[in-house]
Amino acid sequence: MSLLQELQDRSEHKCELCATTTDLNIYEVPPISTGGVDGSILACSHCISQINNPETTNPDHWRCLNDSMWSEFSAVKVVAWRMLNRLKKEGWPQDLLDMMYLEADELRFAEATGEHLDESEKVIHRDSNGAILQAGDSVVLIKDLKVKGSSMVCKQGTAVRRISLDVENAEYIEGKVDGQNIVIVTKYVKKL
């Protein structure tokens with residue numbers, strides 16, 4: 001069974017956020033999505049567009065989260081939590097957030113993008129040239145780096161794709177090099 005079929009069966013052919021039945025697509029929940037059924041939701045193009053473009057967010061559309069926040073599926077709850085946090089200045093989303101419950105691993109997944117933080121609280125990761133790095137970006141190493149605790153040396157010019165960010169420290173990112181997940185200091189990378 002394909003991922004789309006599994007999500008359609010799980011959601012009864014409805015958007016898992018607003019319950020519309022038209023123009024449904026797979027949405028992989030960033031930044032650490034495992035993909036598959038556990039890391040994806042079935043959502044309409046309208047919801048996906050507003051998730052990906054915060055400046056186009058229509059608060060009234062998201063009143064549907066009153067129902068979807070109670071989903072039994074972690075990926076749906078994570079997206080609902082993120083959208084409620086994005087909209088909390090509207091007033092009504094804060095009431096829903098106060099009622100919502102996420103398990104510890106779900107909360108870590110939900111907070112991984114850092115979107116819930118105020119601008120003053122956000123940790124901003126910058127490469128060696130000062131460009132802002134975001135989860136999922138690709139970077140290239142600008143010097144040879146010895147990996148602590150191993151004999152591995154990552155050569156200058158090595159591309160690291162789909163990085164993840166350390167939410168507590170702006171100097172660290174994570175990525176895979178030769179199949180091994182490593183922590184890299186941001187001053188040694190350049191955004192591709």
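This is a predicted model: local features need pLDDT of at least 70, side-chain atom pairs count only at pLDDT 80 or more; totals for chains, interfaces and linings use all residues.
Residues are numbered from 1 along each chain as its sequence is written, and side-chain values use heavy atoms, with hydrogens and water left out.

**Stop 1: H4 and H5**

Select residues 74-86, helix H4, and residues 92-99, helix H5. Helices here are DSSP runs (H or I, at least four residues), strands likewise (E, at least two), numbered from the N terminus. The two helix axes come within 8 Å and cross at roughly 140°. H4 is therefore oblique to H5. Axes are lines fitted to C-alpha atoms, for helices over the stretch in contact, and angles run from 0 to 180 degrees between N-to-C directions. Under 35 degrees counts as roughly parallel, over 145 as roughly antiparallel, 65 to 115 as roughly perpendicular, and the rest as oblique.

Now show side chains. On H4, pick Trp81, Leu84 and Asn85; they meet Trp92, Pro93, Leu96 and Leu97 of H5. Contact means heavy atoms within 4.5 Å. The residues of this contact divide into six nonpolar, one polar and no charged. Ala, Val, Leu, Ile, Met, Phe, Trp, Tyr, Cys and Pro count as nonpolar, Asp, Glu, Lys and Arg as charged, and the others, Gly among them, as polar.

**Stop 2: salt bridges**

How many salt bridges are there? The count is four. The rule asks for a side-chain nitrogen of Lys or Arg within 4 Å of a carboxyl oxygen of Asp or Glu. Three of them follow.

Select Asp60 and Arg63. Their side chains form a salt bridge, 3.6 Å from N to O. Asp60 is exposed at 53% relative accessibility; Arg63 is partly exposed at 46%. Buried means under 20% relative accessible area, exposed over 50%, partly exposed in between (1.4 Å probe, protein chains only).

Go back to H4 and select Lys77, then Glu106. Their closest N and O atoms are 3.2 Å apart, in a salt bridge. Glu106 lies in helix H6 (residues 104-111), and 29 residues separate the pair. Buried or exposed? Glu106 is buried at 7%, and Lys77 is buried at 12%.

Finish at Asp137 and Lys191, a salt bridge of 3.4 Å, N to O. Asp137 sits in the loop between strand S4 (132-133) and strand S5 (139-141), while Lys191 is in strand S12 (residues 189-191), 54 residues apart. Asp137 is buried at 17% relative accessible area. Lys191 is partly exposed at 32%.
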